[in-house]
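Good morning, and thank you for coming. I would ask you to look at the sequence and the structure on the screen while I speak.

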Amino acid sequence: MPKFHLSIPDYNLKEITAVTKAIKSGWISTAGPDVIKFEKFICKKVNAKYSVALNSGTSAIHLALSVAGVKRGDEVLVQSLTYVASINPILYLGANPIFFDVDNNFHLKIDDIYEFLKTQTVFKNKKCINKKTKKIIKALLVTHLWGNVQNIQKLRNICKVRNITIIEDAAESLGSKIKVGKKIINCGCQGNLGCYSFNGNKIITTGSGGAVVTKNKSFFKNINYLANQSKDDAFHDIHKKMGFNYKLNNLLSCLGIIQLKKLDNFIMRKKKIHDHYKKEFKNMDNLKLLMPLPNTLSNYWFNVVTFKNLDNISFKKLKLMCKENGIEIRQVWKPAHTQDYLKKFQQFKIYNSEKLYKKSVCLPSSLRLSKKNLKFVSRKIKNFCQINIKT
Ligand SMILES: Cc1ncc(COP(=O)(O)O)c(C=O)c1O
């Protein structure tokens, strides 16, 4: 059993009291008043106009794609190095992903998207058509990984002109921010729709849960409708189209409210963990700690290191060393275009994602790690590098 965890929940008496109160009130289902309260609080926290609380980040992405009009046979531009939960909802809708590369900071190569749209597509009858497949490109899905934020401003105009909806997968980056000109924008609010996850390991957690935020009223109404079984008339039980049971329930919304109140404190504590690793790894040539971009504020959800020259044998040794010392590490997301069931989809200039996957790991980043714990973990990693990795 690991002693030093990647990211475990941080609950106390406040969460227990809130859930107990909800149980005693009888409001436990999706119809309870705390669901709307939580949604309003999410809006306030990230400065969004509308939000819908859902039962997972995956359902948030599914419904965001759905209201963006993604249908069978359409295409969605997406980075390959992301969690599969970003990709699977594209397939739920019968659409196809087109995979792109990430840079050394795990950010989607924005210039590649731009080049692809300029050179590989045509715009006809208000539709952006892929010259190769003749299919319509309906959406761009950008994932902000490990708590960092990427700047997607350059794509806003070209996507607007070509009728492509920008969806942000901000599952890992709630509370992160970016400075654009004089404005501070919350992660998830740069594009047309933003998706968050409140899964057990996320910066705030309701056990499982998620949310979509948007400025667009019709997206908001549509998501609420679809998430609630597309109920047109509850009394007469009329449903004009297929819907889903995707809303977050009242019990979990109570947890969400308490957790969201703690978000700023969590980010401050996560930053201390990041600063500790930064100090410890400062002079190392064979290891690079992932840093937030300038003009951004990260929530520092996970700390990721990329090793220079980490071959298969030394990777195995690293895994073993960490296991023996109770240090929970995890390889970064396996690029989606290399997963068997996703290999068949179109790819554009992917050179970097696999290299990063082979030499990057996530380090323990749980809120309750003490200075002593962090010193132990970083010393072990440093010793490992000195012995096993050539500079
Ligand atoms: C990048 C990313 N996208 C989507 C998800 C899906 O969220 P959930 O697990 O809440 O469905 C996660 C987290 O699990 C994630 O890390």
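I shall speak about the ligand site, then a hairpin, and finally one cysteine.

Please keep in mind that this is a predicted model.

Let us begin with the ligand. How many residues surround the ligand? There are 14, and the closest of them are Ser56, Gly57, Thr58, Ala85 and Ser197. Two helices deserve mention here: α3, covering residues 57-67, and α4, covering residues 84-92, each supply at least two residues of the shell. Sorted by class, that shell consists of 9 polar, 3 nonpolar and 2 charged residues.

I turn now to the hairpin. Strand β4 runs over residues 121-124 and strand β5 over residues 127-130; the two pair in the antiparallel sense over 4 bridges. Together β4 and β5 form a hairpin, with 2 residues between them. In the turn, Asn125 has a positive phi of about 50°. Across the pairing, Phe123 stands opposite Cys128 in β5.

My last topic is Cys322. This residue lies in helix α10, which spans residues 312-324. Is Cys322 buried or exposed? Cys322 counts as buried because 22 C-beta neighbours lie inside 10 Å, and the cut-off for a buried residue is 20 or more. Leaving aside residues up to four places away in sequence, Cys322 touches Ile327 and Ile329. By way of a distance across the chain, the C-alpha atoms of Cys322 and Lys37 are separated by 42 Å, and these two residues are 285 residues apart along the chain.

Thank you for your attention.

Methods:
Residues are numbered from 1 along each chain as its sequence is written. This is a predicted model: local features need pLDDT of at least 70, side-chain atom pairs count only at pLDDT 80 or more; totals for chains, interfaces and linings use all residues. A residue is near a molecule or strand if its C-beta atom, placed from the backbone, lies within 6 Å of it. Ala, Val, Leu, Ile, Met, Phe, Trp, Tyr, Cys and Pro count as nonpolar, Asp, Glu, Lys and Arg as charged, and the others, Gly among them, as polar. A residue is buried if 20 or more other C-beta atoms lie within 10 Å of its own, exposed if 12 or fewer, and partly exposed in between; C-beta atoms are placed from the backbone. Two residues are in contact if their C-beta atoms, placed from the backbone, lie within 7 Å. Two strands pair if DSSP finds at least two bridges between them.
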